[in-house]
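Morning, everyone. Please have the sequence and the model open, and follow along as I go.

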Amino acid sequence: MTLLLEAWQYIVDHPARFGQALFTHVTLSLAALLTASLIAIPLGVWLADRDRGALLAINVANIGRTLPSLAVLALVMPIMGTGFVPSWFALTLLALPPILINTYTAVREVDADAVDAARGMGMGPAQIIGRIKLPLALPVVFAGVRTAAVQVVSGAVLAAYIGGGGLGDFITAGIAMMAVPQLLVGAIPATLLSLGTDFLFGRIQRWLTPRGIETEAAT
Amino acid sequence: MTWFLRNWDQVAIALGEHIFISLSALAISFLIAFVVGLWAARRESVFQAALAVSGFLYTIPTLAFLALLIPIVGLGKTNAILVMVSFSLLILIRNIAMGIRGAPVEVVDAARGMGMSGAQVLWRVEIPLAMPVIVAGLRIAAVTVISVSVVAAYIGAGGLGTLIFNGITNDHAPKIWAGALTACALAVAVDLSLSALEHRLARRTRG
């Protein structure tokens, strides 16, 4: 209990430092999630219509999913150096597979009759994607974004090792100096941020699911 | 590459440590999950509780989880194994329970009708049918545990992460490459082989 009070005291004594770390953590996570979504969602839609290249891409994504987060961050460092940009790049790589796999699967599973009906109504390919396929696939696509978001917020804690900043800085410094209060200043907010992200994205996901459509969130 | 060739023994030792600590955590986790999973398969409330706690624990960032345990159990292997068990336990419970529940009612009824006791139905019908789902859980759990133990090197648990952290501190890229690439290779190899086993079991139980 005293440890918690000391951790709180630390935040009160260093508001700018804590605010800066929290801000970096959130910015880094958002940047990576946004970049990954902008790449993976269009790529997934495009791949869904193709048989050959698609299988390869999905297999690569499946392999990418198993790679340890810290190993990916560490591999980026000798190539790109340390700091915000290398961390952003590494976290984007980590966020791609879940979004890509969910988008691909969801668009492929869109009811073929709905697509035929749209074509019969005279819709072009772009309209079919924008007005039929994407809206129907949206809940599952967003489930992938949610998985990626939690992964990125957790991964951003590890970005401290390659100079990416964020809440992980307090944890690594706290462990290095065995200063438990300082370590909690990083660990507790990082945990809350991660749980909060999962909760928030879960809410949005439910809100995006049209009534009458039941989807099993693919994870 | 030359660093790797000259120091392959160092990499091999780290890999050995990594496998050992991951396997220890998985073994502990599996023993607990098996008992709880059997219970959860029969009781909806236990199953729901297991799912809720699993979702919660899985969301905690690895490094934060390791750090949160330091004031309680200190640095080292105990801390690392506790985190690894927490992360993998509930995936295993969920899949063991789901697998056993998945056995078709007619098959279980037929086994009972043939005069099998409850234990016989469990060991000779339900568990063999559940094997593909159990192996699928084991696969996710194994990959998770391998990933966690890379980070756990920071709190002194040993393994491939040690090479990565030494490389980062001394700005020695070959060490980072060796540690990170070996860790990736281990995760991919385990994932692919367990997934092959899963498919083979699935074909056998279906056929």
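This is a predicted model: local features need pLDDT of at least 70, side-chain atom pairs count only at pLDDT 80 or more; totals for chains, interfaces and linings use all residues.

Start with the contacts inside chain A.

Now, what is chain A built from? It has nine helices and zero strands. Along the sequence the pattern reads α-α-α-α-α-α-α-α-α. The C-alpha atoms of chain A fill a box of roughly 70 × 40 × 25 Å along the principal axes. Chain A has 219 residues, and 44% of them count as buried.

Next, the contact between the chains. Chain A brings 31 residues, and chain B brings 29 residues. Which helices of chain A supply at least two residues each? They are α3 (52-66), α4 (69-80), α7 (125-158), α8 (168-177) and α9 (180-208). The most comes from α9(A), with nine residues. By class, this side of chain A has 22 nonpolar, eight polar and one charged residues.

Last topic: backbone angles. Most residues other than glycine have a negative phi. Look at Met178(A). It is not a glycine, yet its phi is positive, about 50°. Find it in the loop between α8 and α9 of chain A.

Over to chain B. Asp171(B) also has a positive phi of about 50°, and it is not a glycine. Asp171(B) sits in the loop between α8 (160-169) and α9 (173-206) of chain B. Asp171(B) is exposed too, with 11 other C-beta atoms within 10 Å.

Terms used:
Residues are numbered from 1 along each chain as its sequence is written. Chains are lettered from A and ligands numbered from 1 in the order in which they are written. Two residues are in contact if their C-beta atoms, placed from the backbone, lie within 7 Å. Helices (H or I, at least four residues) and strands (E, at least two) are DSSP runs, numbered from the N terminus. Ala, Val, Leu, Ile, Met, Phe, Trp, Tyr, Cys and Pro count as nonpolar, Asp, Glu, Lys and Arg as charged, and the others, Gly among them, as polar. A residue is buried if 20 or more other C-beta atoms lie within 10 Å of its own, exposed if 12 or fewer, and partly exposed in between; C-beta atoms are placed from the backbone.
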